[in-house]
Amino acid sequence: MTSRSAARRGRGVRGPVLPPSVPARRTRGQQFDRLVLEAFAPLDARWHDRLTKLDIAVDDVPKIRPLHPDSVTWPEEVVADGPVPLSRLIPAGMDRHDMVTRARIVIFRKPLELRAQDPEDLLELLREVLVQQIATYLGVDPDVIDPIGG
C-alpha cells in the first residue's frame with residue numbers, strides 16, 4: 001500500500017529523477033572524495049614505495065582544537081588556515097582498543113570547499129595540503145615532494 005502523497009494523481013510511486021550512473025547524482029561528499037583521489041594520484045605515483053603504509057581519509061569538519069585555547073597555534077601535523085584546520089596527519093600507533101593503526105591523513109571537506117572558488121581551485125588546494133602532509137609524514141621539505149609546485 002502506498003501513501004496518498006506518493007500515489008498522487010494516480011501515477012504511482014515516484015522514482016529517482018536521475019539514474020545512479022549519471023555524474024549529477026553524486027553527492028557533494030562523493031564529488032569531493034573523487035577530487036581527493038585525483039589530487040593524490042600523481043603524488044602517489046611518484047612516492048608510492050614510501051606511502052604504502054599511509055591512508056587518506058575525509059571528514060566533513062575538524063574535531064580538533066589548537067594547542068593553546070587563546071591562540072591559533074597548531075601542532076606540526078595540522079595544516080591550517082588561521083584558526084581553521086584543513087587537514088591532519090595522524091601517526092601510526094595503537095588505538096584505545098590496543099589495535100595497531102596505520103598512519104593517515106585526514107582531509108577536512110567543508111573548510112576546503114569554503115576556501116575554493118571552483119573545482120579547479122579546490123583541486124589545487126587539495127594538492128597543496130596533501131604535499132604538506134606527505135612531506136611531514138616522510139620528514140622532508142614540501143619542495144622535495146612536489147618540486148614544480150603542481
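Helix H1 supplies 5 residues to the lining of the largest pocket, the largest share of that lining. The model described here is predicted. The protein has 4 helices and 6 strands, and along the sequence these follow the pattern α-β-β-β-β-β-β-α-α-α. Of its 150 residues, 27% count as buried. Among contacts with a separation of 6 or more, 53% join residues 24 or more positions apart.

**The largest pocket**

- The space in the largest pocket comes to about 220 Å³.
- Two elements give two or more residues to the lining of this pocket: helix H1, which covers 28–47, and helix H3, which covers 119–138.
- The lining includes Arg28, Gln31, Phe32, Arg34 and Leu35.
- Also in the lining are Glu113, Ala116, Gln117, Asp118, Pro119 and Leu122.
- By residue class, the lining holds 5 nonpolar, 2 polar and 4 charged residues.

**The sheet as a whole**

- Four of the strands make an open sheet of 4 strands in the order E1-E6-E3-E2, and the pairing is mixed.
- Strand E1 (54–59) and strand E2 are the edge strands, and each of them pairs on one side only.
- From one strand to the next, the twist averages 15 degrees.
- Strands of a sheet pair through backbone hydrogen bonds, and the pairing can be parallel or antiparallel.

- E1 pairs with strand E6 (residues 103–108) in the parallel sense, over 6 bridges.
- Within this pairing, Val58 has Ile107 in E6 as its bridge partner.
- Helix H1 packs on the sheet and touches both E1 and E6. The direction of H1 makes about 150 degrees with that of E1.
- E6 also pairs with E3, here in the antiparallel sense and over 4 bridges.
- Leu89 has Ile105 in E6 as its bridge partner.
- Strand E3 (residues 84–90) pairs in turn with strand E2 (residues 78–81), in the antiparallel sense and over 4 bridges.
- Ala80 stands opposite Pro85, which belongs to E3.

**The hairpin**

- E2 and E3 form a hairpin, with 2 residues between the two strands.
- Gly82 lies in the turn of this hairpin and has a positive phi of about 65 degrees.

**Val131 in helix H3**

- Val131 is located in helix H3, one of the elements that line the largest pocket.
- The relative accessible area of Val131 is 6%, so this residue counts as buried, the cut-off being under 20%.
- Apart from neighbours within four places in sequence, Val131 is in contact with Leu43, Pro142, Ile145 and Asp146.
- Val131 and Phe40 are 91 residues apart along the chain, and their C-alpha atoms are separated by 8.8 Å.

**Points to keep in view**

- Strand E6 takes part in two pairings, parallel with E1 and antiparallel with E3.
- Strand E3 likewise has two partners, E6 and E2.

Note on methods
Residues numbered from 1 in each chain as written. Predicted model: local features only at pLDDT ≥ 70, side-chain atom pairs only at ≥ 80, totals over all residues. Heavy atoms only, no water. 1 Å grid on protein atoms, 1.4 Å probe; cavity = no way out; pocket = protein on both sides within 12 Å on 5 of 7 lines; lining within 4 Å. Points joined across faces, edges and corners; volume = space filled by probe spheres on them. Nonpolar A, V, L, I, M, F, W, Y, C, P; charged D, E, K, R; others polar. Pairing = 2+ DSSP bridges. Axes fitted to C-alpha atoms, helices over the stretch in contact; angles between N-to-C directions. Contact = heavy atoms within 4.5 Å. Buried < 20%, exposed > 50% of the residue type's maximum accessible area, 1.4 Å probe, protein only.
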